[in-house]
Amino acid sequence: MQVLVTGAAGSIGSVLCSGLADRGYDVVGLDRMVEPEGFTGSWFTADCGDPDAVAAVFDKVTGAGGLEAVVHLAGIPHESHLPDALESHVVTTAVLLDAMVEHGVSRIAYASSNHAVGRHERAALSPTGLGVDVQPRPDAFYGVGKVAAEALLHLYVDRYGIDAVAMRIGSFLAQPETRRNLSTWLSHDDAVRMVDACLTAPDPGFAVIYGISANTRAWWDLEPGRALGYQPQDDAEQFAPAIEKIAATEADAVDARFVGGPFVTEKYYRRAVERR
Ligand code: 15L
């Protein structure tokens with residue numbers, strides 16, 4: 001299957017491109033950065049927010065043998081002012097969706113984030129963790145952008161009958177680094193498993209899943225992912241003894257209250273739109 005990966009030079013993108021290639025995907029990388037050394041597959045350097053540049057990429061890729069899916073990872077991976085968050089998460093998604101519809105590409109796996117629901121309190125979680133049907137409750141403008149991008153995906157599924165899976169990713173890391181990560185970790189190998197499932201699940205329509213490993217202390221419900229075929233194999237628990245040896249900090253206390261962790265704190269409060 002030929003798949004276009006946006007944000008292919010980023011931390012998640014580089015792991016996914018090689019992991020998907022190992023699984024037999026024909027990977028096309030798209031990023032604002034130039035092709036990284038050692039990349040296997042075709043590469044396009046372009047901005048996902050530029051509809052002409054994206055249309056040109058789709059013209060070439062779909063003309064050269066058919067593109068079946070998009071994995072959209074590109075975007076600012078942290079908090080920013082609202083216009084930047086909207087451009088980065090919503091406009092890029094819209095540009096890709098328009099190109100998909102115009103070129104007959106019918107599936108997208110989107111890197112949403114746990115911060116779409118980060119303001120939910122841990123104390124209110126059910127034993128299975130936060131479900132995918134709870135109200136969106138972003139913890140910062142980053143999460144607002146992700147909620148809006150998810151809504152846009154749903155609109156395109158309803159209008160055009162494409163398939164779109166929003167992966168609310170937790171903490172994508174080689175290994176957990178904090179107490180919160182014992183609940184939120186997504187291992188590199190599980191990230192590849194998850195995206196593979198999103199690309200191959202029969203008729204997902206619009207679906208939201210949580211992108212974490214099979215963590216014993218998970219805060220989010222893994223069932224929607226499992227229903228789609230994502231079977232995570234890793235568990236952060238093996239790192240717990242080492243992490244718990246480190247003295248707890250004030251940050252751990254904040255992390256323990258809201259599922260979004262530090263994004264809820266005043267450190268992240270800022271005007272939505274800067275004054276001129
Ligand atoms: C995310 O979605 C962010 O991109 C990343 O920077 C981390 O904050 C991560 O979530 C997390 O919650 O650990």
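A: Start with a term. A polar contact is a pair of N or O atoms within 3.5 Å; within protein, one atom must be able to donate a hydrogen and the other to accept it, and residues adjacent in sequence count only if both atoms are side-chain atoms. The model is predicted, so local features need pLDDT of at least 70 and side-chain atom pairs count only at pLDDT 80 or more, while totals for chains, interfaces and linings use all residues. Residues are numbered from 1 along each chain as its sequence is written, and side-chain values use heavy atoms, with hydrogens and water left out.

Now the ligand. P77, S113, N114, H115, Y142, G170, S171, R180 and F263 surround it. A residue counts as near a molecule or strand if one of its heavy atoms lies within 4 Å of it. Y142 puts a polar side-chain atom 2.8 Å from an oxygen atom of the ligand. In H115, an N or O atom of the side chain is 2.8 Å from a ligand oxygen. G170 uses its backbone: a polar atom there is 3.4 Å from an oxygen of the ligand. On its own, the ligand has 320 Å² of accessible area, and the protein covers 73% of that. Such areas come from the Shrake-Rupley method with a 1.4 Å probe; for residues, only the protein chains shown count as cover.

Y142 and F263 form one aromatic cluster with Y268. Rings of Phe, Tyr and Trp (its six-membered ring) pair if their centres lie within 6.5 Å; planes under 30 degrees apart are stacked, over 60 edge-to-face, and the rest tilted.

Where is Y268? It sits in the segment after α9 (250-257). Helices (H or I, at least four residues) and strands (E, at least two) are DSSP runs, numbered from the N terminus. Y268 is buried, at 19% relative accessible area. Buried means under 20%, exposed over 50%, and partly exposed in between (1.4 Å probe, protein chains only). Y268 and G145 are 123 residues apart along the chain, and their C-alpha atoms are separated by 15 Å.

Step back to the whole structure. A search finds 7 aromatic pairs. In one of them, the ring centres of F39 and W43 are 4.8 Å apart and the planes stand at 75°, so this pair is edge-to-face. F39 is buried, with a relative accessible area of 16%. W43 is buried too, at 13%. W219 and W220 also pair: their centres are 6.1 Å apart and their planes at 75°, so they are edge-to-face. W219 is buried at 6%, and W220 is buried at 1%.

A ring can also face a charge. R119 lies over the face of F258, at 4.8 Å from the ring centre. For this, NZ of Lys or CZ of Arg must be within 6 Å of the ring centre and within 35 degrees of the ring normal.

Last, the cysteines. The search finds 0 disulfides. A disulfide here is a pair of cysteine sulfur atoms within 2.5 Å. C17 is buried, at 4% relative accessibility. For C198, the closest cysteine sulfur is in C17, at 15 Å, again too far. C198 is buried as well, at 1%.
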